[in-house]
Amino acid sequence: MKNLNIAAKIIICDYKELNSIEKNVVNYAKEMLKNSYSPYSSFRVGAAVLLSNNEIISGSNQENAAYPSGLCAERTALFYANSKFPDESVSIIAVAAFYKGDYTKEPVTPCGACRQVIMETQNRYNSPVKLILYGKEKIYKVETISDLLPLAFCTCVKNNNSKI
């Protein structure tokens with residue numbers, strides 16, 4: 001029998017320590033909070049995706065009374081980015097959350113389904129996806145989704161979109 005030790009590298013910083021590109025993506029995520037449809041949880045989440053062509057696509061969580069028919073902000077942004085720019089890889093995804101009248105103190109991390117979608121995006125384009133998870137008191141910077149999902153399910157699909 002052997003042990004498998006898994007470690008995640010997460011940098012903890014504050015907003016002023018982000019570079020200008022990272023700040024811009026975080027600002028887009030924070031801006032998307034106003035578009036959240038979250039009447040059931042009152043937990044607003046915004047996400048912004050920086051693509052390799054420097055476009056920023058953003059999304060927000062969308063709840064539904066027929067739970068779990070809603071969609072997380074991360075997947076909303078990623079799916080829209082892929083539908084609009086299918087040949088562009090994702091460089092950064094930023095996530096921010098707002099609850100009870102203020103930004104969350106701690107960063108909010110993607111749920112398991114979002115982690116899997118981010119992982120497939122990373123594998124599809126063979127390009128690391130950096131995460132910037134915003135919290136009012138601290139920010140987590142994660143250089144690759146592999147740090148948040150080390151034993152991911154992978155069919156190792158690469159970008160082989162068939163053109164119609």
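In which loop is the place of Asn54? Asn54 sits in the loop between E2 and E3, where helices (H or I, at least four residues) and strands (E, at least two) are DSSP runs numbered from the N terminus. The structure is a predicted model, in which local features need pLDDT of at least 70 and side-chain atom pairs count only at pLDDT 80 or more, while totals for chains, interfaces and linings use all residues. Residues are numbered from 1 along each chain as its sequence is written, and side-chain values use heavy atoms, leaving out hydrogens and water.

Asn54 has a phi near 70 degrees, a positive value in a residue other than glycine. With 62% relative accessibility, Asn54 counts as exposed; here buried means under 20% relative accessible area, exposed over 50%, and partly exposed in between (1.4 Å probe, protein chains only). Lys100 also has a positive phi, near 55 degrees, and lies in the loop between E4 and strand E5 (102-103). Lys100 is exposed, at a relative accessible area of 71%.

Five of its five residues are buried, so E6 is largely enclosed by the rest of the structure. Lys130, Ile132 and Tyr134 cover one side, and Leu131 and Leu133 the other. E6 runs parallel to E4, joined by four bridges (two strands pair if DSSP finds at least two bridges between them), and Val95 stands opposite Leu133. E6 also pairs with E7 in the antiparallel sense over four bridges, with Ile132 opposite Lys141. A hairpin of four residues joins E6 to E7.

Back in the loops, Ser38 lies between helix H1 (20-31) and E2. Ser38 is buried, with a relative accessible area of 9%. Leaving aside neighbours within four places in sequence, Ser38 is in contact (heavy atoms within 4.5 Å) with Phe43, Arg44, Asn61 and Glu63. Finally, a cis peptide bond joins Tyr67 and Pro68, with omega about 15 degrees; Pro68 is found in the loop between strand E3 (56-60) and H2.
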